[in-house]
Amino acid sequence: MLVDLFENRLALALVVVLGVPAALVVYVVAVEAVISRLPRRVSAGIRPWLWLAPALAFLGVFLVYPTLATIYRSFQNRRGDAFPGLENYQWFFTRDDTLNALRNNVLWAVLLPLLVVGLGLLIAVLVDRVRYEVVVKSVVFLPMAISFVAAGVIWRLMYDINPRTGTLNAALDLVGGPRVGWLSTAPWNNLMLILVGVWMLTGLAMVILSAGLKGISPELLEAARIDGANEREVFRYVVLPLLAPTIAVVTTTVVIFAIKTFDIVYVMTNGNFRTDVIANTMYKELFANGQPARAAAVAVVLLLATVPVMVLNVKRFKQQEEVR
């Protein structure tokens with residue numbers, strides 16, 4: 001059986017690695033052969049759409065269809081043979097545990113970007129002109145090299161109430177302090193989970209903001225200093241406005257991560273002690289409670305929470321393009 005499983009996976013890997021590129025090459029050759037026989041006006045109009053067709057088909061099959069199917073499933077019952085209307089959404093917005101998950105997501109969406117962007121900007125500015133800039137950036141960016149699951153395991157051990165394995169409680173023991181249940185004491189346990197996300201994402205924010213900082217013309221900064229501005233005024237009135245688009249990009253990225261956060265909560269608490277979030281609620285409804293319709297409703301709520309952020313981001317990109 002293991003041999004058959006290995007052979008099936010090997011065949012699938014070969015199809016993905018060799019078959020998909022080969023199919024695209026054949027498609028491109030066939031499209032160009034057909035277009036070359038058409039009148040120039042016709043070919044100029046349809047060529048872009050034919051080139052986009054594989055990507056649009058991919059998006060349709062793997063993004064649009066699953067989204068529509070999830071919305072459709074959210075209006076069905078558990079067995080999928082009836083349509084009880086908004087019953088699944090009523091369940092979500094009338095239960096204390098699901099509303100608590102929604103509140104926790106709001107907390108993540110507020111605190112995580114604030115801390116990540118703030119620390120990333122602070123580090124980027126402080127190490128911009130020091131000799132050991134590369135070393136500091138490497139150390140801060142290092143957590144990005146591991147997965148969020150691994151980070152959850154690491155910090156779960158650090159938060160452990162047993163001082164033999166729990167780093168924080170071991171430090172408290174050294175100074176004679178009481179042991180603290182970092183992951184079981186609400187509402188502080190949510191903050192402890194958010195700090196894990198801060199530890200993971202600050203390096204990413206720092207690198208992006210540092211790149212934006214280095215893109216600012218030194219002549220502008222020097223001109224501000226010649227006009228009598230001190231370093232604080234230079235940062236506030238010159239650097240910060242010029243970094244605003246970069247800060248907006250980083251903030252949007254972190255907000256989206258905060259809204260759909262799952263790995264850290266699942267590994268460290270599994271939503272216990274009032275730390276649940278929407279994505280973890282969806283997972284439990286689907287796999288633990290066997291409620292696919294409710295899980296679909298939770299997924300739709302998660303999608304609706306993400307859409308406004310994406311719309312604002314698209315509008316901001318359009319405004320930037322108009323300025324350019």
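Tutor: Contact here means heavy atoms within 4.5 Å. Keep in mind that this is a predicted model.

Student: OK. What does Thr 98 touch, leaving out residues up to four places away in sequence?

Tutor: Trp 91, Phe 92 and Thr 281.

Student: Which helix is Thr 98 in?

Tutor: Helix 4, residues 96-126.

Student: And is Thr 98 buried or exposed?

Tutor: Buried. Its relative accessible area is 1%, and the cut-off for buried is under 20%.

Student: Switching to helix packing. At what angle do helix 6 and helix 8 pack?

Tutor: About 130 degrees, with the axes 10 Å apart. Helix 6 covers residues 148-158 and helix 8 covers residues 188-214.

Student: What do we call that arrangement of helix 6 and helix 8?

Tutor: Oblique. Roughly antiparallel would need an angle over 145 degrees, and roughly perpendicular runs from 65 to 115.

Student: Is the crossing left-handed or right-handed?

Tutor: Helix 6 crosses helix 8 in the right-handed sense.

Student: Which residues meet there?

Tutor: From helix 6, Phe 148, Ala 151 and Trp 155. From helix 8, Val 196, Trp 199, Met 200 and Leu 201. By class, that contact has seven nonpolar residues, no polar and no charged ones.

Student: Now charges. How many salt bridges are there?

Tutor: The count is eleven. One of them pairs the side chains of Glu 32 and Arg 47, at 3.4 Å from N to O.

Student: Where do Glu 32 and Arg 47 sit?

Tutor: Glu 32 is in helix 1 (residues 2-35) and Arg 47 in helix 2 (residues 40-74). They are 15 residues apart. Glu 32 is partly exposed at 26% relative accessibility. Arg 47 is partly exposed too, at 30%.

Student: What about Asp 128 and Lys 214?

Tutor: Their side chains form a salt bridge at 3.1 Å, N to O. Asp 128 lies in the loop between helix 4 and helix 5, and Lys 214 is in helix 8, so the pair ties together parts 86 residues apart in sequence. Asp 128 has a relative accessible area of 21%, which makes it partly exposed. Lys 214 is partly exposed at 48%.

Student: How about Asp 276 and Lys 284?

Tutor: Another salt bridge, 3.0 Å from N to O. Asp 276 is buried at 8% relative accessible area, whereas Lys 284 is partly exposed at 24%.

Notes: Residues are numbered from 1 along each chain as its sequence is written. This is a predicted model: local features need pLDDT of at least 70, side-chain atom pairs count only at pLDDT 80 or more; totals for chains, interfaces and linings use all residues. Side-chain values use heavy atoms; hydrogens and water are left out. Axes are lines fitted to C-alpha atoms, for helices over the stretch in contact, and angles run from 0 to 180 degrees between N-to-C directions. Helices (H or I, at least four residues) and strands (E, at least two) are DSSP runs, numbered from the N terminus. Angles under 35 degrees count as roughly parallel, over 145 as roughly antiparallel, 65 to 115 as roughly perpendicular and the rest as oblique. A crossing is left-handed if the near helix is turned anticlockwise from the far one by less than a right angle, and right-handed if clockwise. Ala, Val, Leu, Ile, Met, Phe, Trp, Tyr, Cys and Pro count as nonpolar, Asp, Glu, Lys and Arg as charged, and the others, Gly among them, as polar. Buried means under 20% relative accessible area, exposed over 50%, partly exposed in between (1.4 Å probe, protein chains only). A salt bridge is a side-chain nitrogen of Lys or Arg within 4 Å of a carboxyl oxygen of Asp or Glu.
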